[in-house]
Amino acid sequence: MKRTLSNFLVVLFATVFAVQLNAQTAVQKIGTANVEYILSNLPETKKVESDLQAYEKQLRAQLESKGAEYQRKLDEYQKGVQSGLMPAAVIADKEKELMSMQQSIQEFEKTAQEDLQSKSLSMLEPILQKVQASIDKVAAANDYTYIISTHVDYGGTAIVLYSKDKDQYDISTLVLKDLGVTLSPTGTTTTTTPTNTTTTTPTTTTPTKTTTTPVKK
């Protein structure tokens, strides 16, 4: 019985030692990348921002036009009521018209915001795919096991709160280089033809809201 227990302990110790040894030898190389920083330095992103601003300007102009028309109708209604010369039937009709216009403005504002967001996502999607492909390429070329994002998420918190030797393991600059963008010491970007990756150490605006005054009956 003692001999059997002794043999079991020897096998168990050997197994635990082998697992620990494998864990130590299987070193994983983890790097970081700031996607927001990469996007902000791409010419394609700047063009998308410009196009979205023009798109948003059209939506805002239409919203402001509808708001101005509503205000004009409201002023006419209020003057007519104050004069005491507007028939009750006309007052009721104008109130109905104003309420309908107000609802139309609110619906357009909501639709415009959704439309702008959808347009933004559709225009950014090809760029995001391109950036992801470059991250995969650079990571593989530099033997990284994982690449963790360091940009700030929608909650306002960085996904990676601390990284030792952050600059050494951040591949953002390498990704930009792979995409043909070289950063100068002054912070400006120079676009070149993408080359093979080398191993080194390294706002959507929304339409302006139009405030309307509910019609009191």
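1. Accessible areas here come from the Shrake-Rupley method with a 1.4 Å probe. On that basis, the protein chain of this predicted model has an accessible surface of about 15000 Å². Carbon and sulfur atoms own 57% of that surface. As for burial, 24% of the 217 residues of the protein chain count as buried.

2. Next, the fold. I count along with the assignment: six helices and four strands in the protein chain. Going along the sequence, the pattern reads α-β-α-α-α-β-α-α-β-β.

3. Now for the charges. Side chains of opposite charge can pair when their charged atoms come close. How many salt bridges does the structure hold? There are seven. A few of them deserve a look one by one.

4. Start with Glu56 and Arg60, a salt bridge whose closest N and O atoms are 2.6 Å apart. Both residues belong to helix 3, and because they are four residues apart there, about one helical turn separates them. Are the two partners buried or exposed? Glu56 is buried, since its relative accessibility is 4% and the cut-off for buried is under 20%. Arg60, with a relative accessible area of 26%, is partly exposed.

5. The salt bridge between Glu97 and Lys73 has its closest N and O atoms 3.3 Å apart. Glu97 itself comes out as partly exposed, at a relative accessible area of 29%.

6. Then there is Lys137 with Asp178, whose side chains meet in a salt bridge at 3.0 Å, N to O. This pair links distant parts of the chain, with Lys137 in helix 4 and Asp178 in helix 6 (residues 172-178), 41 residues apart. Asp178 is buried, having a relative accessible area of 9%, whereas Lys137 is partly exposed at 39% relative accessibility.

7. One more item on charges: Glu69, Arg72 and Glu76 are linked in a network of salt bridges. If you display side chains, bring up these three together.

8. What about the rings? A search of the whole structure turns up zero aromatic pairs. There is a charge over a ring, though: the charged end of Lys29 sits over the ring of Tyr144, 4.4 Å from the centre of that ring.

9. On the surface, Ile30, Tyr146 and Ile148 make up a nonpolar patch. Together these three residues have about 270 Å² of accessible area. Tyr146 belongs to strand 2 (residues 146-149). Tyr146 counts as partly exposed because its relative accessibility is 45%, and exposed would need over 50%.

10. The side chain of Asn41 makes a polar contact with the side chain of Ser40, at 3.4 Å.

How values were computed: Residues are numbered from 1 along each chain as its sequence is written. This is a predicted model: local features need pLDDT of at least 70, side-chain atom pairs count only at pLDDT 80 or more; totals for chains, interfaces and linings use all residues. Side-chain values use heavy atoms; hydrogens and water are left out. Rings of Phe, Tyr and Trp (its six-membered ring) pair if their centres lie within 6.5 Å; planes under 30 degrees apart count as stacked, over 60 as edge-to-face and the rest as tilted. A charge sits over a ring if NZ of Lys or CZ of Arg is within 6 Å of the ring centre and within 35 degrees of the ring normal. A polar contact is a pair of N or O atoms within 3.5 Å; within protein, one must be able to donate a hydrogen and the other to accept it, and residues adjacent in sequence count only if both atoms are side-chain atoms. Patches are made of residues with over 30% relative accessible area and no salt bridge: like charges are joined within 9 Å, nonpolar side chains (Val, Leu, Ile, Met, Phe, Trp, Tyr) within 5 Å. A salt bridge is a side-chain nitrogen of Lys or Arg within 4 Å of a carboxyl oxygen of Asp or Glu. Helices (H or I, at least four residues) and strands (E, at least two) are DSSP runs, numbered from the N terminus. Buried means under 20% relative accessible area, exposed over 50%, partly exposed in between (1.4 Å probe, protein chains only).
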